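User: I have a chain open on my screen and want to talk through how it is put together. Can you take my questions as they come?

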Amino acid sequence: MTLDGKIATAAGHSAWVSSAQSRAKVFEMRAASDAVVVGGNTVRRDNPRLTTRREGGHLSVRVVMSRTLDLPDKANLWDTQAAPTIVMTQRGARQSFQAHLRDRGVEVVEFDFLTPDNVTQYCYERGFLQVFWECGGTLAAPAISSGVIHKVLAFVAPKIIGGTRAPTPVGELGNVEMTQAVNLIDTSWQQIGPDLMMTGYLPSSGGLLTLESKISFPGSKSAAAAVAAASSSSDDEQQQQRNRMGGGRVISFYKAWDEWGALSNFSPHPIDMPIGPAGGSSSSSSGGSSSSGGGMQQWASVEHYYQA
């Protein structure tokens, strides 16, 4: 978004708010996710591809949420040669258009009630462990309100658009006082090209300490005790406590698999590994191809698993 909190002009033009470096970071996030979710407005206004912009490697599933299926007949997302697409809608919506999508290879899933909660539950049942909500403000607001968003990445570009009707990243949340504002926790800032990237966690997620407590071994109560201690303190004390406890020992993993400590990280860039038993039976990879000479093999992307 821009410095004045806009994601497009009042006319809807948005190419580009952020820098090429920031967009490259978004491509990496897509590659490290199981699914990328957008709403119907994004499809109609931006006609996105939602791909990783690179050859080979992991392809995240592109998910479109639309109650009415008021979507264009032609769209980049209907090209399932680039990546798989799932359209999620209300039961009975535009049956003829559903048939059109299925003919294009798009999977259509109907819900009695299409909500972020139900979509998240469905993604969980499909085995999607990291879902990247890359939607506009209309869908972002109910997703945040329902508690399905745990982590926020916000890119702030040094630009000013202005305009009272220019869209913002989050729609109506019903807040009337500043005391109702959602305060992110465990926040950090990083410069990406000319932009700033802010990373933080929604309070409902509990932040990094809650994740750490969930993956502690049975009988180890240190992390859980830290969460309990933090929850009984003031906001300022909580943040200081998190900073102290997190100093030097919190490692960022992009997936937490279970309470026994199975974690993983994802490398969205190509990796050259020696061919043979010592070269790569311990990693789950996609898009491997042999390179000429040297006994090396290039993997377009690699997922590394860690078991404590």
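Predicted model: local features only at pLDDT ≥ 70, side-chain atom pairs only at ≥ 80, totals over all residues.

User: How many helices and strands in the chain?

Analyst: Nine helices and 13 strands. Both are DSSP runs numbered from the N terminus, helices being H or I with at least four residues and strands E with at least two.

User: And what share of the residues is buried?

Analyst: Of the 308 residues in the chain, 38% are buried. Buried means under 20% relative accessible area, exposed over 50%, and partly exposed in between (1.4 Å probe, protein chains only).

User: OK, the sheet. What is the strand order?

Analyst: The order is β4-β3-β2-β1-β5, an open sheet of five strands with parallel pairing. Two strands pair if DSSP finds at least two bridges between them.

User: Which strands stand at the edges?

Analyst: β4 (107-111) and β5 (131-133); each has a single partner strand, so one side of each is left without a neighbour in the sheet. On average, neighbouring strands are turned by 25 degrees against each other, direction ignored. Axes are lines fitted to C-alpha atoms, for helices over the stretch in contact, and angles run from 0 to 180 degrees between N-to-C directions.

User: How many bridges between β1 and β2?

Analyst: Five, in the parallel sense, between β1 (residues 35-39) and β2 (residues 61-65). One detail to look up is V36, whose bridge partner in β2 is R62.

User: Which strands does α4 touch?

Analyst: Helix α4 (residues 116-125) packs on the sheet and touches β2, β3 (85-90), β4 and β5, with its direction at about 130 degrees to that of β4. Helix α5 (residues 137-145) also packs on the sheet, touching β1, β2 and β5, and its direction makes about 120 degrees with that of β1. Contact here means heavy atoms within 4.5 Å.

User: Switching to charges. How many salt bridges?

Analyst: Three, where a salt bridge is a side-chain nitrogen of Lys or Arg within 4 Å of a carboxyl oxygen of Asp or Glu. One of them joins E134 and R30 at 2.7 Å, N to O. That pair links distant parts of the chain, 104 residues apart: E134 is in the loop between β5 and α5, and R30 is in helix α1 (residues 20-31).

User: Is R30 buried or exposed?

Analyst: R30 is buried, since its relative accessible area is 7%. E134 has 21% relative accessibility, so E134 counts as partly exposed.

User: What about R91?

Analyst: The side chain of R91 meets that of D112 in a salt bridge, 2.7 Å from N to O. R91 lies in the loop between β3 and α3 (95-103) and D112 in the loop between β4 and α4, so the pair ties together parts 21 residues apart in sequence. Both residues are exposed.

User: And R126?

Analyst: R126 forms a salt bridge with E107, and the closest N and O atoms are 2.9 Å apart. R126 is in the loop between α4 and β5 and E107 in strand β4, 19 residues apart.

User: Last one: which residues does W189 touch?

Analyst: Leaving out residues up to four places away in sequence, W189 touches L196, M197 and M198. W189 is in strand β7 and counts as exposed because its relative accessibility is 57%.

Key. Residues numbered from 1 in each chain as written. Heavy atoms only, no water.
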